[in-house]
Amino acid sequence: MKPQKLAPNCNQLILITAYPLNSSIHPRFWHISKGIPFGTFHRSIFEYLNKRMLKQSLLSVLLFFAGCTASLLAQQARQYSFTQYSTANGLVSNHVNAVGQDKKGYIWLATTNGLQRFDGREFITFKHHPNQPNSIPSNNLATMFCDSKGRVWIINEENQIGLFDNERFTYKDVEAEMPPRSLNIFHTSIFKEDWKGTLYLLMIGRGVFRLDESQQRFLPISREVTLPANWTVLYFQPDANRKVLWLGCDSGLVKYEPDLKRLSYPGNNRSRDPIIDSFAGIHNIQGIEPIHNSKSLALFHWPYRHPVPYFYWYDGNTGKKTRHYIGPYIPRVYHEFRGMSQQKNGTIWVYGLPFIAEFDTLHQRFQFVHQTAPYTEKFRFDVGLQAYEDRQENLWLATTDGLFLFNPTAQAFNAYYLVRPGEKNVQDGPVEHVQQLKNGQILVATWGAGLYLYDKQFRPLELPAAFNPWKNTMTIWSILEHSKTGLIFLGEQTGFLKIYNPKTGTVRNDQPSIFK
């Protein structure tokens, strides 16, 4: 079947696949990103189909052009092809706290049962051995970081800081200058590297430290600058655009300019930075993400005595601050933010309990990666702990339920499923036709599974009530919207036409004599 052109200025494609009703794979249709040479798309997508689907079911593939006036960025939920690693295929523990890539390209993992190196095929595991003094001091690793010099840093549950030699596979302790404590309670720790390659360590409750390369020792930045009394740093983020360090504190946002050794914070905005003024009164800041090559900034915090956290977007061009709450996206589900990361292309990912989502800066909304529907049997986790982009633009998601790998940049399609508003169950049925109407809404016709309606963001809509008697059972081959009258014609397997009049909201059956 030839591609059907729905809009004169079209440069996007959608691939529709149809599966038999007894297939274990749910029917879906894909939006293909623009800008991909069709020969490349044709070859790659059919190689994918051949490997993943042709062996399991009979496919009917239809290609058609979708109008570019439709904004297809937001959907029911993001769908990606991913690989999951767990104890079943190489992980030493399903609880992965951190992930990173060294200069040679190896992926390193901090788990609750040891340190691991992954070369794309095999895992090597490093554990504590009592008779080997150069082994890691314990297996429960709280975090790990691969710096720009190729070093692998680790911290365990006893707050021990160490350097793991990724050539000799040996470990050595690295000291941090801090007062001793009578109780060795665990402190969450974060490694960060600034635009000069200087390594910093935040140990929440103990302070921010900078690595002195000559001494191979972490020294507190409180030697050169002092926070207001009783302020505790909860998050730390270097900002390469502004050449400053951002500190998220229990009492507010702080900007530190290392070259000037100058602090700015609400009530003492020495740099007269509008961001400091904008976030005055915002406490308990647990995440900060300066946007690459931009004046904008993302931030999240959890207000005291408040049941939910909030996400803020600061537009550096307008100076406008926007607050977002993710509750409507995952209603009646307890949630926490655990972190943010930014890809090289500027995509912002937010993750935590129990979600990962992309933040759409243009439309100011979240696009969640779905993990609760039955068609994503494996992409399920309780808490997302870190999202890390490697040099090949793969995204690694460390979770309490294994490690997930996908490439949002390279994946050329988004999948949409047959669902109705308010329903979680995905329907089975081969997709035969998709028609975008003049009002931007999209009708999806199936073989034996009825008719479905979506808005231009592919969010499911209720069909007009006139379709209720047949909406789940119709077998439709084609749809046409008449350009002059607005009537919508649906061609059925029975030889009848159903003709819907949007003005009156009625449907009538017709069978032209030529069909008899």
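These legends walk through several close-up views of the predicted model shown above. Local features need pLDDT of at least 70 and side-chain atom pairs count only at pLDDT 80 or more, while totals for chains, interfaces and linings use all residues. Residues are numbered from 1 along each chain as its sequence is written, and side-chain values use heavy atoms, leaving out hydrogens and water.

**View 1. A nonpolar core here is a set of buried Ala, Val, Leu, Ile, Met, Phe, Trp, Tyr and Cys residues joined through side-chain atoms within 4.5 Å; buried means under 20% relative accessible area, exposed over 50% and partly exposed in between, with a 1.4 Å probe and protein chains only. Helices (H or I, at least four residues) and strands (E, at least two) are DSSP runs, numbered from the N terminus. An open sheet of four strands, S17-S18-S19-S20.** The pairing in this sheet is antiparallel, and two strands pair if DSSP finds at least two bridges between them. S17 and strand S20 (262-264) stand at the edges with a single partner strand each, so one side of each has no neighbour in the sheet. From one strand to the next, the twist averages 20 degrees; axes are lines fitted to C-alpha atoms, for helices over the stretch in contact, and angles run from 0 to 180 degrees between N-to-C directions. Six bridges connect S17 and S18, and Val-233 has Cys-249 in S18 as its bridge partner.

**View 2. Another open sheet, ordered S4-S31-S30-S29.** These four strands also pair in the antiparallel sense. Strand S4 (82-85) and strand S29 (384-389) are at the edges, each with a single partner strand, so one side of each is left without a neighbour in the sheet. S4 is joined to strand S31 (residues 402-406) by four bridges, and the bridge partner of Phe-82 in S31 is Phe-406.

**View 3. The aromatic pair Phe-311 and Phe-337.** Rings of Phe, Tyr and Trp (its six-membered ring) pair if their centres lie within 6.5 Å; planes under 30 degrees apart count as stacked, over 60 as edge-to-face and the rest as tilted. The whole structure holds 36 aromatic pairs. This one is tilted, at 6.4 Å centre to centre with 45 degrees between the planes. Phe-311 lies in strand S23 and Phe-337 in strand S25 (residues 336-342), so the pair ties together parts that are 26 residues apart in sequence. Phe-311 is buried at 0% relative accessible area, and Phe-337 is buried at 5%. Both rings belong to a cluster linked by ring pairs, which also includes Trp-313, Tyr-329 and Phe-368.

**View 4. Ile-442 and the ring of Tyr-452.** Ile-442 lies in strand S34 (residues 442-446) and is buried at 4% relative accessibility. Its C-alpha is 8.2 Å from that of Tyr-452, ten residues apart in sequence. Leaving aside neighbours within four places in sequence, the contacts of Ile-442 include Val-434, Tyr-452, Leu-453 and Phe-458. Arg-420 lies over the face of Tyr-452, at 3.9 Å from the ring centre; a charge sits over a ring if NZ of Lys or CZ of Arg is within 6 Å of the ring centre and within 35 degrees of the ring normal.

Methods:
Contact = heavy atoms within 4.5 Å.
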